[in-house]
Amino acid sequence: MNRLSDIGTIRDILSRHGFTFSKALGQNFLVNPSVCPRMAALSGAAEGVGVLEIGPGIGVLTNELCQRADKVVAVELDKRLLPVLSETLAEYDNCKVVNADVLELNLNQLIAEEFSGLDVVVCANLPYYITSPVIMKLLEDRIPVKAITVMVQKEAAQRICAPVGSRESGAVTVSVNYYAVPELLFHVSAGSFMPAPKVDSAVIRLNVRSQPPVQVEEAQFFRVVKAAFSQRRKVIANSLSAGLGMDKAAVSELLDRAEIPANARAEKLSLDDFAAIANELAGGAP
Ligand code: SAM
C-alpha cells in the first residue's frame, strides 16, 4: 500500500514540515488508499510514457505514477511543498518537480524538453478553483498528449461528460468535445480527502482527438458556443443576439442560413449545429 495515503503518515510528514493547508490553493489531499492506484492505472501511465502531473501536493498520486511511467514531471505552485516532495519522492530517479503556476507555463516547451521520445499523458487531482481554466489550457494549447485524466468536482465532471445536445450540457461540454472525447471513470466521496471538501468528486478522462470532429473557424465557433449558453433558458435567437451583440433580424437570417430553428435551445444543439452557425457567421464553410 502507498504509505502516503495513510492518515498517520500524512499527519507526521505535515507536522514535521510545519505545513498547514491553504484553502486558496485548493489543497485537499487524498487519503483514500484505493483512489491513486486506480487513477494512475487508468491514466495510461506505463512503460514508454511520460506523465505531466499538476499539483502533486505531498506526492501521493506522484508516487503511483512514478512506479508505472518512464518519467513524471509534477508542477506544484506551493513552494512550501518542495521539501516535503523531496522527502516523499526520494526513492524515485524518474521524477522532476517544477515549482510554477501551471496556468503561466509554456506546456508545449516543457513537454518537448522533458518527454522526448515518450508518449505523454496528463494525470492530476486538480485544484478545484481553476478546474475549467486548466482543462481549457491543456486542450487549447494543443499539447501533444493522448489523454488527460483529472479529478474534478462531481458537478463539473457531470457537466463535462454530459452528451452534447442533452439538458446537462453546457458551453464547457461543447468546447471539451471539440478537442476530446470525455469519459466519466469513477466517483470519489468527499471523505476521501483531508481536509474533506463540501462536495463529492469524480475522475474523468479526456481522450484527446487527433482531429476536431467539425471543420470550423475556431474563433467564431467558440464565440458562438459561449454566446449560445450565456442565457441558457432563452431560445437560441435571443441568446445569440445578446451574446454576439447582433440585432434580432441579423441573427434570424444567420440561423436561417445555418438551418437552425430560431426557437431551438443551446442545450439541444449538436456540434454540427454550432459549426454551421459559426461557419455562416464567418462567411461560409472554411
Ligand atoms: N495531488 C495531491 C493529492 O491528490 O493529494 C494534491 C491535490 S490538491 C487538490 C491540488 C494541488 O494543486 C495542491 O498541492 C496545490 O498546492 C496545487 N496547486 C494549486 N494551484 C496551482 C497552480 N496554479 N499550479 C500548480 N499547482 C497548483
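In which crossing does H2 pass H3, left-handed or right-handed? H2 passes H3 in a right-handed crossing; the convention is that a crossing is right-handed if the near helix is turned clockwise from the far one by less than a right angle, and left-handed if anticlockwise. Before going on, please keep in mind that this is a predicted model, in which local features need pLDDT of at least 70 and side-chain atom pairs count only at pLDDT 80 or more, while totals for chains, interfaces and linings use all residues. Residues are numbered from 1 along each chain as its sequence is written, and side-chain values use heavy atoms, with hydrogens and water left out.

Let us stay with this helix pair for a moment. Helix H2 covers residues 35-43, and its axis lies 9 Å from that of H3 at an angle of about 45°. Helices here are DSSP runs (H or I, at least four residues) and strands are E runs of at least two, both numbered from the N terminus. The axes are lines fitted to C-alpha atoms, for helices over the stretch in contact, and angles run from 0 to 180 degrees between N-to-C directions. H2 and H3 are therefore oblique to each other, given that angles under 35 degrees count as roughly parallel, over 145 as roughly antiparallel, 65 to 115 as roughly perpendicular and the rest as oblique. On the H2 side, the contact (heavy atoms within 4.5 Å) involves Cys 36, Pro 37, Met 39, Ala 40, Ala 41 and Ser 43, and H3 contributes Val 60, Leu 61, Glu 64, Leu 65 and Arg 68.

Glu 64 and Arg 68 form a salt bridge, with 2.8 Å between the closest N and O atoms; the term means a side-chain nitrogen of Lys or Arg within 4 Å of a carboxyl oxygen of Asp or Glu. Glu 64 is buried at 6% relative accessible area, whereas Arg 68, at 27%, is partly exposed. Buried means under 20%, exposed over 50%, and partly exposed in between, using a 1.4 Å probe and protein chains only.

Across the whole structure, a search finds 11 salt bridges. One of them joins Glu 183 and Arg 205 at 3.0 Å, N to O. This pair links distant parts of the chain, 22 residues apart: Glu 183 belongs to strand S7 (residues 180-188) and Arg 205 to strand S9 (residues 201-208). Glu 183 is partly exposed at 31% relative accessibility, while Arg 205 is buried at 16%. Elsewhere, salt bridges that share partners join Asp 12, Arg 16 and Glu 87 into one network.

Glu 87 is worth a visit of its own. Glu 87 lies in helix H4 (residues 82-88) and counts as partly exposed at 32% relative accessibility. Beyond its neighbours within four places in sequence, Glu 87 is in contact with Ile 13, Arg 16 and His 17. The side chains of Glu 87 and Arg 16 are joined by a polar contact of 2.7 Å. Such a contact is a pair of N or O atoms within 3.5 Å; within protein, one must be able to donate a hydrogen and the other to accept it, and residues adjacent in sequence count only if both atoms are side-chain atoms.

Our last stop is Ser 169, in the loop between helix H7 (154-161) and helix H8 (171-179). Ser 169 is buried, with a relative accessible area of 1%.
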